[in-house]
Amino acid sequence: MAQNKNALIRYKTIDKCLQNKYRKWTLNDLIEECSEALFEYEGRDINVSKRSIQLDIQMMRSDKLGYNAPIIVYDRKYYKYEDEEYSITNIPLTENDMSVLSESVEMLKQFKDFSLFSELNGIIQRLEDKVYSEKSDQNAIIHLDKNEGLKGLEHLDTLYQAILKKVCLVIEYQSFTSRVPSSINLTPYILKEYNNRWFVIGRKRKREILTLALDRIININYDFEKVYNNDGFDGDEYYKNTIGVTVHPAEYVETIQLKIDRKNAPYVVTKPLHHSQKVLSKEKDGSITVEITVHVNYELERLLLEFGASLEVLAPFKLRNKMKKILLKGLELYQDEETS
């Protein structure tokens, strides 16, 4: 058990003792109660020293944790709260506390589909109750992008547990281009989120690395007979030259030069398109030329197209020509309006 958790258990125990005004509490009494509480939580004897409890009382009296507990000594040996109604659990939340808690609750709720965070469910609910009972009509300050209706999220925990416990899988999967589902034997390596969609990355038998979208998974079964081996897979290394989730062989990695107009240049500088981004030049009109080294994949093309007329692909020629064809084809969709 972490030391800070031990300390919190001791604080709570001391608080509970001092709330009992019908008993006189000596330092030895508090040591005994804290020892019993830690044994209950840990299941083994933990040596609580006199010095530890004295430091705990000192910490509770201070404002370091926001307690400012009015603990006094009377008759030179007994401890109590000078304010008999005091408890560290009744400390009012400040305005800043409320803001921090509100945003923390919203962020924690994004991870509700992982069993890793399942033990937080009750805590999150209590935090919500506390926050909204203290202060209603509080609008969120941090608004996270989310899609509550996204299919496949129910598979997140199954996949997470399989990776954590090193279990191979048999996945029933149907891609957008397949007419019927197929059965895939997968050794899962990592889970990845991109553009508000989740993917599982793993190896199909001893062959290529696969990327499967969770929203196309129909069913998952465990394969306990197959030995799990991640073959030294490193997710950071695997995706180092990739925007998105589609990874091509090394020969598809290219150096791409892009010209960004004055209006969008500051955004691209402060939020690089890729970690390999370098600014090659800054023009007098405020535009910039940048260079990135990545796989040329669908996600890259989609990202570049999002800039519309604000971005020009300078090199390589093949990508420049493809962007030109896509934009011209898109322009054709609006030709009728101009001629009517």
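User: What makes a set of grid points a pocket rather than a cavity?

Analyst: On a 1 Å grid over the protein atoms alone, a cavity is a set of points where a 1.4 Å probe fits but cannot get out, whereas a pocket is an open set with protein on both sides within 12 Å along at least five of seven lines. Grid points are joined across faces, edges and corners, and a volume is the space filled by probe spheres set on the points. The second largest pocket here has a volume of about 860 Å³. This is a predicted model, in which local features need pLDDT of at least 70, side-chain atom pairs count only at pLDDT 80 or more, and totals for chains, interfaces and linings use all residues. Residues are numbered from 1 along each chain as its sequence is written, and side-chain values use heavy atoms, with hydrogens and water left out.

User: Which residues are closest to the centre of the second largest pocket?

Analyst: Lining residues have an atom within 4 Å of a point. Of the 31 residues that line this pocket, the closest to its centre are Tyr194, Asn195, Ile243, Glu299 and Arg302. Helix 9 gives the most to the lining, with 4 residues; helices (H or I, at least four residues) and strands (E, at least two) are DSSP runs, numbered from the N terminus.

User: Why is the contact between aspartate 231 and arginine 203 called a salt bridge?

Analyst: A salt bridge is a side-chain nitrogen of Lys or Arg within 4 Å of a carboxyl oxygen of Asp or Glu. Aspartate 231 lies in the loop between strand 7 (217-223) and helix 7 (235-238) and arginine 203 in strand 5, so the pair ties together parts that are 28 residues apart in sequence.

User: Why is glutamate 301 called buried?

Analyst: Buried means under 20% relative accessible area, exposed over 50%, and partly exposed in between (1.4 Å probe, protein chains only). Glutamate 301 has a relative accessible area of 10%, and is therefore buried. Its salt-bridge partner is lysine 322, with the closest N and O atoms 2.8 Å apart. Lysine 322, at 40% relative accessibility, is partly exposed.

User: How do you know that arginine 320 and glutamate 312 form a salt bridge?

Analyst: The closest N and O atoms of arginine 320 and glutamate 312 are 2.9 Å apart, which therefore meets the cut-off. Arginine 320 counts as partly exposed at 34% relative accessibility, as does glutamate 312 at 33%.
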